[in-house]
Amino acid sequence: MTEQKRLPGDLAIWIFILAELTVFAALFLVFSISKSLNVEMFADGQATLHPIMGLINTLALITSSYFVAKAVLLASQGQLNKSALWIWFAIATALIYIVTKCLEYQSLMELGYNLRTVSYTHLTLPTIYSV
């Protein structure tokens, strides 16, 4: 007799995941429309990005996620001391992300950007509906 495979989690978690993916897809669509309507503004904004800091942040996020996953696995195996150590590794890696973001924000503020500055990162409904 073969065992029937079952998806982990219940229906509610899968509905939540589907909703998250739908919202994420909608945001990409809105971003694409806004970018096509404001090409110059997006180009100006992209010129202020810091690719090296972005790479550092991406690596920090992926690495800290791995450390947390490793900690969860160890905790499920009853190895709580090792699990706690991996959580500390994750926290240390997350601090790299926080420091890098603070440095990035500081350099943008030195260039005159702040929360009231119009930049390509602000997507507004009037921009989208002006099609």
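**View 1. The buried residues of helix 3.** In helix 3, the residues Asn57, Ala60, Ser64, Phe67, Ala71 and Leu74 are buried, where buried stands for under 20% relative accessible area, exposed for over 50% and partly exposed for values in between, with a 1.4 Å probe and protein chains only. The model shown is predicted, so that local features need pLDDT of at least 70 and side-chain atom pairs count only at pLDDT 80 or more, while totals for chains, interfaces and linings use all residues. Residues are numbered from 1 along each chain as its sequence is written, and side-chain values use heavy atoms, with hydrogens and water left out. Helices are DSSP runs of H or I with at least four residues, numbered from the N terminus. The buried residues of helix 3 pack against helix 4 (80–110).

**View 2. The span and the end of helix 3.** Helix 3 covers residues 51–76, and its 26 residues reach 38 Å from the first C-alpha to the last, close to the 38 Å expected at 1.5 Å a residue; the expected span is 1.5 Å times one less than the number of residues. Just after helix 3, Gly78 takes a positive phi of about 85°.

View 3. Asn57 is buried, with a relative accessible area of 5%, and, leaving aside its neighbours within four places in sequence, Asn57 is in contact with Ile96, Tyr97, Thr100, Lys101 and Glu104, contact meaning heavy atoms within 4.5 Å. Ala60 is likewise buried, with a relative accessible area of 5%. With the neighbours of Ala60 within four places in sequence left aside, its contacts are Thr93, Ile96 and Tyr97. Ala60 and Thr93 are 33 residues apart in sequence, yet 5.6 Å apart in space from C-alpha to C-alpha.

**View 4. The largest nonpolar core.** This core has 5 residues, namely Phe67, Ala71, Leu74, Trp86 and Ala90, a nonpolar core being a set of buried Ala, Val, Leu, Ile, Met, Phe, Trp, Tyr and Cys residues joined through side-chain atoms within 4.5 Å. Helix 3 and helix 4 are the elements that give two or more residues to this core, and helix 3 gives the most, with 3 residues. Leaving aside its neighbours within four places in sequence, Leu74 is in contact with Gln79, Lys82, Ser83 and Trp86.
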